[in-house]
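Please read it alongside the sequence and the coordinates.

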Amino acid sequence: MTALPELSGKVALVTGASRGIGYGVAEALLARGDRVAITGRNEDALKEAVDKLGAERVIGIAGKAHDLDHQAEAVARTVEAFGRVDFLVNNAGTNPVFGPIADLDLNVARKVFETNVVSALGFAQKTWHAWQKDNGGAIVNIASVAGVSASPFIGAYGISKAAMINLSLQLAHEFAPTVRVNSIAPAVVKTKFAQALYEGREAEAAAAYPLARLGVPSDIGGAAAFLTSSQSDWITGQTLVVDGGIFLNAGVG
Ligand SMILES: NC(=O)c1ccc[n+]([C@@H]2O[C@H](COP(=O)([O-])OP(=O)(O)OC[C@H]3O[C@@H](n4cnc5c(N)ncnc54)[C@H](OP(=O)(O)O)[C@@H]3O)[C@@H](O)[C@H]2O)c1
């Protein structure tokens, strides 16, 4: 990482940030001077990400997003290391199945909900009690376009992302006026998670997008930086669709 800007005085906790969108969000927040705590399951990958991001302003806390002890540890260690936790970006997510919803294994559906929705609520509760309730801040939940439309063959994922969007509404209402809570709903962003959707056929996949390319993590990083900045001080309970214009195709033809 190149020279870091002056400290903003703010601190963010970004879940699932050793690579992909979470890493892009961490990079964007660091670039404006925040200090950042990141999480992920694989300790080595997390350590590598911390070093790459610039270890003097970043800490890593390894663990599984749905694990309550990990949630508590992540929030506590962020406050311990940096003295505060202004922003929470709930980014860790899973999409382990592909197939018709008629045959979906309900235990898998439960797992998807646990990781994508219940974990985000757990992190929000803990961040609220540890800092935000008394000091304010913002929460951004990384949902998906799958949560605002039908998504054949990834039904459990889509339902969980829709629930995440409603979670943002509930939190936005209950945490106002102290804390703002918004969702970001990305279309396909080039990460390991989405690789199967474009690998070997990126030009073809990109052609469906009015802006003629797939997303990259910094596209979501920029949106998250905006939603955790004073420039969005009067925005709460919204879902920002970041999709290269793919939704413009709805209703055409
Ligand atoms: N890429 C897209 O096209 C796209 C579009 C819409 C929404 N999203 C959403 O964006 C979020 C990030 O996706 P991505 O594309 O950046 O994925 P990714 O490249 O696979 O990165 C996921 C990150 O989260 C960590 N992680 C995964 N599961 C975790 C868990 N259970 N607990 C803690 N950390 C976990 C991973 O590290 P470890 O594996 O070491 O844990 C990694 O750092 C997800 O919520 C996804 O639903 C992605």
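How far is an oxygen atom of the ligand from an N or O atom in the side chain of Arg19? The distance is 3.1 Å, which falls under the term polar contact, a pair of N or O atoms within 3.5 Å, where within protein one atom must be able to donate a hydrogen and the other to accept it, and residues adjacent in sequence count only if both atoms are side-chain atoms. This is a predicted model, in which local features need pLDDT of at least 70 and side-chain atom pairs count only at pLDDT 80 or more, while totals for chains, interfaces and linings use all residues. Residues are numbered from 1 along each chain as its sequence is written, and side-chain values use heavy atoms, with hydrogens and water left out.

Helix 1 (20-31) and helix 5 (155-175) are the elements that give two or more residues to the shell around the ligand; helices (H or I, at least four residues) and strands (E, at least two) are DSSP runs, numbered from the N terminus. There are 29 residues around the ligand, and Ser18, Arg41, Asn91, Tyr157 and Thr191 come nearest, a residue being counted as near if one of its heavy atoms lies within 4 Å. The shell divides into 13 nonpolar, 11 polar and five charged residues, where Ala, Val, Leu, Ile, Met, Phe, Trp, Tyr, Cys and Pro count as nonpolar, Asp, Glu, Lys and Arg as charged, and the others, Gly among them, as polar.

**Salt bridges**

Side chains of opposite charge can pair when their charged atoms come close. With a salt bridge taken as a side-chain nitrogen of Lys or Arg within 4 Å of a carboxyl oxygen of Asp or Glu, the count comes to eight, and the table gives some of them.

| Pair | N to O distance |
|---|---|
| Arg180 and Asp233 | 3.9 Å |
| Glu202 and Lys190 | 2.9 Å |
| Asp219 and Arg213 | 2.8 Å |

Arg180 in strand 6 (residues 179-186) and Asp233 in the loop between helix 7 (217-227) and strand 7 (239-242) are 53 residues apart, so their pair links distant parts of the chain. Arg180 is buried at 11% relative accessibility, whereas Asp233 is exposed at 52%; buried means under 20% relative accessible area, exposed over 50%, and partly exposed in between (1.4 Å probe, protein chains only). Both partners of the next pair are partly exposed, Glu202 at 33% and Lys190 at 31%.

On the surface, Val148, Val241 and Phe247 form a nonpolar patch with about 210 Å² of accessible area together; patches are made of residues with over 30% relative accessible area and no salt bridge, like charges being joined within 9 Å and nonpolar side chains (Val, Leu, Ile, Met, Phe, Trp, Tyr) within 5 Å. Val148, in the loop between strand 5 (137-142) and helix 5, is partly exposed at 40%.

Notes. Accessible areas come from the Shrake-Rupley method with a 1.4 Å probe; for residues, only the protein chains shown count as cover.
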